[in-house]
Amino acid sequence: MSAIRFGIQTGQQFAAWDEIVRIWQRAEALGYDTAWTYDHFVAVMMDPFDPTLEAWSCLAALAVHTSRIRIGALVTGNTYRHPAILAKIATTVDVISKGRLEFGIGAGWYEPEHSMFGLPFGTVRERCERLDEALHVIRGLWHDQYAAFAGAHYRVQAAIAEPKPVQQPHPPITIAGAGEKRLLPIVARHADAWSSFGSPDVFRRKIEILRGLCETEQRDCEAIEKGVLVPTAITDDLSTVAPLIQGYAMYQGLVEDEARKWMLLGTVDDLCRQIDAFVAAGVRHFVVTLSPYNFDVFERFAAEVMPRYR
């Protein structure tokens with residue numbers, strides 16, 4: 001059984017730059033395995049005028065401010081950058097971080113952001129087709145002396161991309177998303193890791209679907225790490241986190257009782273029971289969202305929850 005990993009995600013709209021640096025350095029000191037930005041140009045589902053720093057620029061700088069923790073964007077919106085440019089950006093961060101990049105990518109989902117900046121959005125099918133093609137382009141640029149690809153959405157010809165990433169054959173690829181019909185086949189084809197939302201029951205069902213898709217691709221499903229991005233609160237009184245539950249239910253389009261199953265909530269023992277249920281379903285990577293930043297949860301999770309799984 002693969003090791004259990006723990007990480008944090010820090011949305012760049014919730015803090016000034018110095019605070020982001022401080023929390024990433026503290027996460028490293030506390031023993032978190034991964035730290036992630038999120039990839040949006042404006043604040044999502046809140047005041048769009050809240051200042052929001054760009055994900056990959058932050059990653060390059062945060063690579064210098066850390067030394068051990070693995071870093072990435074959870075996840076990069078494929079629709080925001082041409083894959084050849086993204087491949088170069090990612091390689092640069094892998095070099096700067098001395099091989100600590102985890103390359104997270106998804107199909108893109110937040111239509112208002114696309115409309116605002118004139119970025120093509122398209123249907124779910126089109127976005128997934130673009131993601132699949134983009135991963136062919138990116139992997140080719142990471143591997144080949146002269147990369148070539150001709151698809152319906154992207155084309156590169158005798159493309160040179162030097163240097164190559166520090167990590168070979170490439171930085172681990174995390175694909176995020178929940179779609180069973182179009183997204184999971186891309187996970188089966190390309191991913192080293194898959195990240196999503198949901199309860200343990202949701203993950204159990206989707207992992208079974210992924211297992212069948214991996215058989216078609218002649219890949220070992222167990223070799224793909226399964227991760228959950230999960231809001232977390234440590235408390236003896238769940239009434240104190242009612243706004244967090246309500247907000248998450250609204251964000252995900254769930255009733256509150258179901259939303260609770262998608263979160264880690266309660267005492268330390270409660271959280272461990274909930275983590276155990278995810279682990280039994282096949283999840284091995286838990287990324288705690290700090291939105292807005294909750295330093296008490298952040299510190300207590302590392303001190304009281306993580307040691308039980310080391």
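I began with the buried residues of α6, which pack against α5 (124-143), β8 (173-176), β9 (193-196) and α7 (200-217); contact here means heavy atoms within 4.5 Å. Helices (H or I, at least four residues) and strands (E, at least two) are DSSP runs, numbered from the N terminus.

I noted the basis of the entries. This is a predicted model, in which local features need pLDDT of at least 70 and side-chain atom pairs count only at pLDDT 80 or more, while totals for chains, interfaces and linings use all residues. Residues are numbered from 1 along each chain as its sequence is written, and side-chain values use heavy atoms, with hydrogens and water left out.

Entry: helix α6

I looked up the burial of α6 (residues 183-190): 7 of its 8 residues are buried, so the helix is largely enclosed by the rest of the structure. I used buried for under 20% relative accessible area, exposed for over 50% and partly exposed for in between (1.4 Å probe, protein chains only). The buried residues of α6 are Leu 183, Leu 184, Pro 185, Ile 186, Val 187, Ala 188 and His 190.

Entry: helices α10 and α11

I checked α10 (residues 268-281) against α11 (residues 295-305): their axes come within 11 Å and cross at roughly 75°. This makes α10 roughly perpendicular to α11. Angles of 65 to 115 degrees count as roughly perpendicular, under 35 as roughly parallel, over 145 as roughly antiparallel and the rest as oblique. The axes are lines fitted to C-alpha atoms, for helices over the stretch in contact, and the angles run from 0 to 180 degrees between N-to-C directions.

I then listed the residues: Val 268, Leu 271, Cys 272 and Ile 275 of α10 meet Arg 300, Phe 301, Glu 304 and Val 305 of α11. By class, this contact has 6 nonpolar, no polar and 2 charged residues. Ala, Val, Leu, Ile, Met, Phe, Trp, Tyr, Cys and Pro count as nonpolar, Asp, Glu, Lys and Arg as charged, and the others, Gly among them, as polar.

Entry: aromatic rings

I found 15 aromatic pairs in the structure. Rings of Phe, Tyr and Trp (its six-membered ring) pair if their centres lie within 6.5 Å; planes under 30 degrees apart count as stacked, over 60 as edge-to-face and the rest as tilted. Trp 109 and Tyr 110 form a tilted pair, 5.2 Å centre to centre with 50° between the planes. Trp 109 is partly exposed at 40% relative accessibility, whereas Tyr 110 is buried at 13%. Trp 194 and Phe 203 also form a tilted pair, 5.4 Å centre to centre with 50° between the planes. Trp 194 is buried, with a relative accessible area of 1%, and Phe 203 is buried, with a relative accessible area of 1%. Ring pairs link a cluster whose members include Trp 194, Phe 203, Phe 298 and Phe 301.

Entry: backbone geometry

I looked up two cis peptide bonds. One joins Leu 74 and Val 75, with omega about -15°; Val 75 lies in the loop between β3 (70-73) and β4 (76-77). Another joins Gln 168 and Pro 169, with omega about 10°; Pro 169 is in the loop between β7 (155-159) and β8.

I also noted Lys 98, which is not a glycine but has a positive phi of about 60°. Lys 98 sits in the loop between α3 (83-96) and β5 (103-106) and is exposed, with a relative accessible area of 70%.
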